[in-house]
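Hi,

Here is the structure I promised to pass on. Have a look at it first, and my notes follow below.

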Amino acid sequence: MPEESAGPGLGDARHARGRVAALHALRETVRSGPGERATAAQHAKGKLTARQRIELLLDEGTFVELEPLRRHRATGFGLEANRPYTDGVLTGWGTVHGRTVFVYAHDFRIFGGALGEAHAEKIHKVMDRARAVGAPLVSLNDGAGARIQEGVTALAGYGGIFRRNTAASGVIPQISVMLGPCAGGAAYSPALTDFVFMVRGTSQMFITGPDVVQAVTGEKVTHNGLGGADVHAETSGVCHFAHDDEETCLDDVRYLLSLLPQNNRETPPYVAGDDRPDRRTDALVDLVPADGTRAYDMREVVRELVDDGEFLEVHERWAPNIVCALARLDGHVTGIVANQPQHLAGALDITASEKAARFVQLCDAFSIPLLTLLDVPGFLPGTGQEHGGIIRHGAQLLYAYCNATVPRVSVVLRKAYGGAYIVMDSQSIGADLTFAWPTNEIAVMGAEGAADVIFRKEIAQAEDPEAVRAGLIKEYRSELMHPYYAAERGLVDEVIDPADTRRVLIDSFAMLRHKHADLPLRKHGNPPM
């Protein structure tokens, strides 16, 4: 019989050892990527390669790659002569702190990370696998959008990603890490996920780029000025975390994953620590001024309460008048929502309501108990707020709290006025336990405003209006705003010493740990948007 010829890349086809050797050579070719020149160009932009990023994200040596030999089958425009392995995206799984995490990473060195049919199918497969297994999905985005040469097929690939993002929402944690450009329809996938990380200088997100903006509106803007990390972290709220470099960014992604459960059927990991649950928080007595007109940093209150003073603030630079953070109390992960008197006196506005509502929904979806710290003078007044839809946006936060079934504990530190008090997880909308400090002022509005409304005629007719007004303000405050008024009416479970707050919170959440609550039977609600 004639000898069997060896096919390209198969080594000696007559022997298994030859084929195994050829396999290892092929794997090495795939791992090395498109070559040193392309890698150098990527590094010259201050960016790591896809494999380097995955190595930083996952525990060392744990990455298992899916479909590394996948190649596109498109023809036309020279594509048939350029069929690189991986098709420009790495997919697979590994571990972060010993727990399974799925990942996909665009390889900008191949087709600029642009998405084609094979590229999209690889992403679809890893997304389906993550949801079936019940493990977080992290996307490392660095792509130029749809692969134009493949036409509408590429657009359909994005549709499949969006559908899977939506199906996985509230089922597994989804984290988008923006490490390069993300333009057009591609930007909607990160917007559908739970968290978005960006790196300054190298990552941008926008629907229409600077050239289109200038052509249509005449406005000149840079890529970073239009959709850079700082723009989305401070102005649009699209970005939750902004970092100066990829290494720090991916390290924070690992930290965030340590605070999240694997899926909606599990609870976040418990971590035992040295911070005693009964530690007194005496510093709080002096940290929060009794005078409601004086500002203070609510983050210092949070730092005093949580384990080892450590917490991860979400959306730190967007809507700074409210603080949203993940922390541990006695080793158990807790979501914290707190008014920030350092900004707008802690008043709720459109962006603060939207930020807090989204965070409450996230915590409820993933079985993270909620702690709400109140010091709120009301909703921010003004035509800008009213015309911008503060009613609708405030209702988003109200709906999120009312719909949440996780353990919910609230503490009134100082002011709690009007509708904002109700919205910030008051007992009347379902908080499981409500506490107040002796400095609390729970009322329909401040004493000054109340006196002006109730006693308008008396003040106007008085010989000395200012003296009469001052006396009426004092009377209103003593009658309806003293620290025990709400407790006497059962609207507060207990007035507590600020120094006991940490112990009280830990005891309360321990009691509520196995809370079970049912929502009405329905397909889904229709929350305000």
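Predicted model: local features only at pLDDT ≥ 70, side-chain atom pairs only at ≥ 80, totals over all residues.

Residues are numbered from 1 along each chain as its sequence is written, and side-chain values use heavy atoms, with hydrogens and water left out.

Back to Val453, which is partly exposed at 47% relative accessibility (buried is under 20% relative accessible area, exposed over 50%, partly exposed in between, with a 1.4 Å probe and protein chains only). Together with Val444, Met445 and Ile454, Val453 makes a nonpolar surface patch of about 360 Å². Patch members have over 30% relative accessible area and no salt bridge; like charges are joined within 9 Å, and nonpolar side chains (Val, Leu, Ile, Met, Phe, Trp, Tyr) within 5 Å. A salt bridge here is a side-chain nitrogen of Lys or Arg within 4 Å of a carboxyl oxygen of Asp or Glu, and the areas are Shrake-Rupley values with a 1.4 Å probe, where for residues only the protein chains shown count as cover.

Next, helix 5. Its buried residues are Ala154, Gly157, Tyr158, Gly160, Ile161, Arg164, Asn165 and Ala168. They lie on the same side of helix 5 because they cover an arc of only 155 degrees around the axis (taken from the directions from the helix axis to the C-beta atoms). Val152, Leu155, Ala156, Arg163 and Thr166 are exposed on the other side of helix 5. The buried residues pack against helix 4 (117-133), strand 5 (174-178) and helix 6 (188-192). After helix 5 comes Gly170, with a positive phi near 75 degrees.

Then Arg53, in helix 3 (residues 50-57): Arg53 is buried, at 0% relative accessibility. Beyond its neighbours within four places in sequence, its contacts (heavy atoms within 4.5 Å) include His106, Asp142 and Glu246.

Finally, two non-glycine residues with positive phi. Ala319 has phi near 50 degrees, in the loop between strand 10 (311-314) and strand 11 (322-329), and is buried at 5%.

Cheers

Methods:
Helix = DSSP H or I, 4+ residues; strand = E, 2+ residues; numbered from the N terminus.
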